[in-house]
Amino acid sequence: GKSPPKELVGGRRQIRNVAFDATGKMMTYVATSMTKPTELFVANADGSGERQLTRFNAEVNADVVWSDAERFTYKSVGGLEIEAWLQRPEGWLMKPYGYEAGKKYPMVIYIHGGPHSAYGEGWFDEFQNLAAQGMFVLFTNPRGSSGYGADFTYSTRGRWGMEDYQDIMKAVDIVAARPDVD
């Protein structure tokens, strides 16, 4: 049988466009996280020896404080259980810049298009701009999002705006119940 996939490079970030050299000993990729815009990296094929090759965003990173987001999962409507490593829709809540406990802040929900698309652990200027204006930013991967297997991705076929909408609104209800959300 097949052996399970092995994580070569990881962490709380998105890694894309992985390419190996002709010998298969080195790889290059781009990586981004909630608080770090995309840069180019190189590592040995086994993931060791990672080095950042570019510093395109060093100046702006030194000048701007990026807001982080906390990831959460929640049970789908209709008891949907999806296979593999993720058993429920996931979402992220980005705190407003200058967040102070005990204060209330407005919340914006950001809904990705597609529906076959997905948010993840990557830097996104639109979210950062809203957080900088003093708002919580909620973004989710409801039913129909890609990256969670075919059953989850195509579960909205002929049903857009139904259970996927309920998945989004359930996340809104969860976040709206927080004492710091206005």
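**Close-up views of a sheet and a pocket**

**View 1. Methionine 107 faces phenylalanine 136 of β8.** The model is predicted; local features need pLDDT of at least 70, side-chain atom pairs count only at pLDDT 80 or more, and totals for chains, interfaces and linings use all residues. Residues are numbered from 1 along each chain as its sequence is written, and side-chain values use heavy atoms, without hydrogens or water. Strand β8 (residues 136-141) runs parallel to β7, with four bridges between them. Strands pair if DSSP finds at least two bridges between them; strands (E, at least two residues) and helices (H or I, at least four) are DSSP runs numbered from the N terminus.

**View 2. Helix α4 (residues 163-176) packs on the sheet.** Its contacts (heavy atoms within 4.5 Å) reach β5, β6 (90-94), β7 and β8. The directions of α4 and β8 make about 145°. Axes are lines fitted to C-alpha atoms, for helices over the stretch in contact; angles run from 0 to 180 degrees between N-to-C directions.

**View 3. The second largest pocket holds about 240 Å³ of space.** A pocket is an open set of points on a 1 Å grid over the protein atoms alone, where a 1.4 Å probe fits, with protein on both sides within 12 Å along at least five of seven lines; lining residues have an atom within 4 Å of a point. Points join across faces, edges and corners, and the volume is the space filled by probe spheres set on them. The lining has 15 residues; Lys36, Pro37, Glu39, Phe41 and Gln52 lie nearest the centre. β3 gives the most, four residues.
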